[in-house]
Amino acid sequence: MKPTLDESQPIFHQIAVLIMDEIIDGRIKEEEQVPSTNELSRFYNINPATARKGLQALVDKEIIYKQRGVGMFVSKGAKEKLIIQRKEQFYDEYVAPLLKEANRIHLDEQMVIELIKKKMDLK
């Protein structure tokens, strides 16, 4: 996990996002145990209650589940569920504003596609 937390968002949310990123990237697989509250609090030097709140947010979204006395584990289907959510977020955060600006400056869909293809060819 990346040890970078900042003030841009609540820390518990950042913890949840970091774990979701680990799941999406395949570094934590379905049915594998996620770091414990104590491990997260020590690693990020945060209050255990904050780490617990981040993990609980993932339990509430059914991304991870608790196994009493053992720990928390990634739910089956969690990776696919997260990828679907991220695709929707991608559209809302990047594509929709891009299309809105394209429309504002009179670029049609084909022009936008050509611009993207052109820039991708440069890489």
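His106 is placed in the loop between helix 4 and helix 5 (109-121). Helices here are DSSP runs of H or I with at least four residues, strands are runs of E with at least two, and both are numbered from the N terminus. The model is predicted, so local features need pLDDT of at least 70 and side-chain atom pairs count only at pLDDT 80 or more, while totals for chains, interfaces and linings use all residues. Residues are numbered from 1 along each chain as its sequence is written, and side-chain values use heavy atoms, with hydrogens and water left out.

His106 has a positive phi of about 65°, although it is not a glycine. Most residues other than glycine have a negative phi. His106 counts as exposed, at 70% relative accessibility. Exposed means over 50% relative accessible area, buried means under 20%, and partly exposed lies in between, with a 1.4 Å probe and protein chains only. Glu31 also has a positive phi, near 75°, and is a residue other than glycine. Glu31 lies in the loop between helix 1 and helix 2. Its relative accessible area is 35%, so Glu31 is partly exposed.

The loop between helix 1 and helix 2 also holds Asp25. Asp25 counts as partly exposed, at 46% relative accessibility. The side chain of Asp25 makes a polar contact with the side chain of Arg27, at 2.9 Å. A polar contact is a pair of N or O atoms within 3.5 Å; within protein, one must be able to donate a hydrogen and the other to accept it, and residues adjacent in sequence count only if both atoms are side-chain atoms. Asp25 and Ile83 are 58 residues apart along the chain, and their C-alpha atoms are separated by 10.0 Å.

Ser75 lies in another loop, between strand 2 (71-74) and helix 4. Ser75 is buried, with a relative accessible area of 11%. Its side chain reaches the backbone oxygen of Glu62 at 3.4 Å. Not counting residues up to four places away in sequence, Ser75 touches Glu30, Glu31, Glu62, Ile63, Ile64 and Tyr65. Contact means heavy atoms within 4.5 Å.

Gln14 is in helix 1 (residues 11-24). The relative accessible area of Gln14 is 9%, so Gln14 is buried. Leaving aside neighbours within four places in sequence, Gln14 is in contact with Thr4, Leu5, Asp6 and Gln9. Ala16 lies in helix 1. Ala16 is buried, with a relative accessible area of 4%. Ala16 touches Gly54 and Leu58, not counting residues up to four places away in sequence. Ala16 and Gln56 are 40 residues apart in sequence; from C-alpha to C-alpha they are 8.7 Å apart in space.

Helix packing was then examined. The axes of helix 1 and helix 3 come within 8 Å and cross at roughly 55°. Axes are lines fitted to C-alpha atoms, for helices over the stretch in contact, and angles run from 0 to 180 degrees between N-to-C directions. Helix 1 and helix 3 are therefore oblique to each other. Angles under 35 degrees count as roughly parallel, over 145 as roughly antiparallel, 65 to 115 as roughly perpendicular and the rest as oblique. The crossing of helix 1 past helix 3 is right-handed. A crossing is right-handed if the near helix is turned clockwise from the far one by less than a right angle, and left-handed if anticlockwise. From helix 1, Ile11, Phe12, Ala16, Ile19 and Met20 meet Thr50, Lys53, Gly54, Leu55 and Leu58 in helix 3. By class, this contact has 7 nonpolar, 2 polar and 1 charged residues. Ala, Val, Leu, Ile, Met, Phe, Trp, Tyr, Cys and Pro count as nonpolar, Asp, Glu, Lys and Arg as charged, and the others, Gly among them, as polar.

Helix 1 also packs against helix 4 (residues 78-104): their axes come within 9 Å and cross at roughly 110°. Helix 1 and helix 4 are therefore roughly perpendicular to each other. Their crossing is left-handed. Val17, Met20, Asp21, Ile23 and Ile24 of helix 1 meet Ala78, Lys79, Leu82, Ile83 and Arg86 of helix 4. This contact has 7 nonpolar, no polar and 3 charged residues.

Helix 2 (residues 37-44) and helix 3 (residues 48-60) have axes that come within 8 Å and cross at roughly 120°. The two helices are therefore oblique to each other.
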